[in-house]
Amino acid sequence: EGYDDHWRGPVATRHIRYTNLPPGQYRFQVVASNNDGVWNETGASWSFSMEPAFYQTIWFRLASFVVVAGFFVVLYKIRLRRITRHNTALRQEITERKRTEALLAGEKRLLEMIATGVALGNILEVLCQIIEEQRSGTLASVLLLSLDGIHLDSAAGPSLPEGWIRQMASLAIGPCAGSCGTAAYRGSAVIVSDIATDPLWDVPE
């Protein structure tokens, strides 16, 4: 009982074998007859149990499920990370390509303006616009040294406020006159990372 629920016919042997019994409770029953063919109606029985092997326990199955699930989660994250990196690189490549195309188109436009004799102020305005379009939030301007050799005149600055332009026009060049005034005084390029904190921009209001 518990595995083979049907009686087997009479056999001449006195032993029987079951293999691959699953874990559980069992009862083995047998009836026999004597040489005269008289059967024992009561028979004999033996109850026993089969303990599960470690790989048949619920804990082993749960642990196996967790390991397999974790393995697939790791594979998924690795795959997702690769896809994310690929998409990021692709977006950067597309952005860089568009930026290069925009620069080439801007260069072509400037050369056409120069060739057709467009006024210098208009050319410089377009140049500033091309620079500002390359990165959001960028402000570009072109300052030229005035005839007095002391002040800077705003030649172009389409996005700069008028107040800033007037202030720069009234500021004399010198060793501490902002980026542009200092560059004109030194005769070399001046690069400032933050005009709010750089000492070169500690100029009078």
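How many aromatic pairs does the count come to? Here are a few friendly notes on that and on the salt bridges.

1. This is a predicted model, in which local features need pLDDT of at least 70, side-chain atom pairs count only at pLDDT 80 or more, and totals for chains, interfaces and linings use all residues. Residues are numbered from 1 along each chain as its sequence is written, and side-chain values use heavy atoms, with hydrogens and water left out.

2. The count comes to 3 aromatic pairs (rings of Phe, Tyr and Trp, the last by its six-membered ring, with centres within 6.5 Å; planes under 30 degrees apart are stacked, over 60 edge-to-face, the rest tilted). One of them is Tyr-26 with Phe-48, whose centres lie 5.6 Å apart with planes at 25 degrees, so this pair is stacked. Tyr-26 sits in strand β1 (residues 24-30) and Phe-48 in strand β2 (residues 44-50), so the pair ties together parts 22 residues apart in sequence. Strands are DSSP runs of E, at least two residues, and helices runs of H or I, at least four, numbered from the N terminus.

3. Tyr-26 is buried at 8% relative accessibility, while Phe-48 is partly exposed at 22% (buried is under 20% relative accessible area, exposed over 50%, partly exposed in between; 1.4 Å probe, protein chains only).

4. The structure holds 2 salt bridges (a side-chain nitrogen of Lys or Arg within 4 Å of a carboxyl oxygen of Asp or Glu). Glu-93 and Arg-97 have their closest N and O atoms 3.0 Å apart; these residues are 4 apart in helix α1 (residues 58-115), about one helical turn.

5. Arg-99 bridges to Glu-96 at 3.8 Å between the closest N and O atoms. Both lie in helix α1, 3 residues apart.
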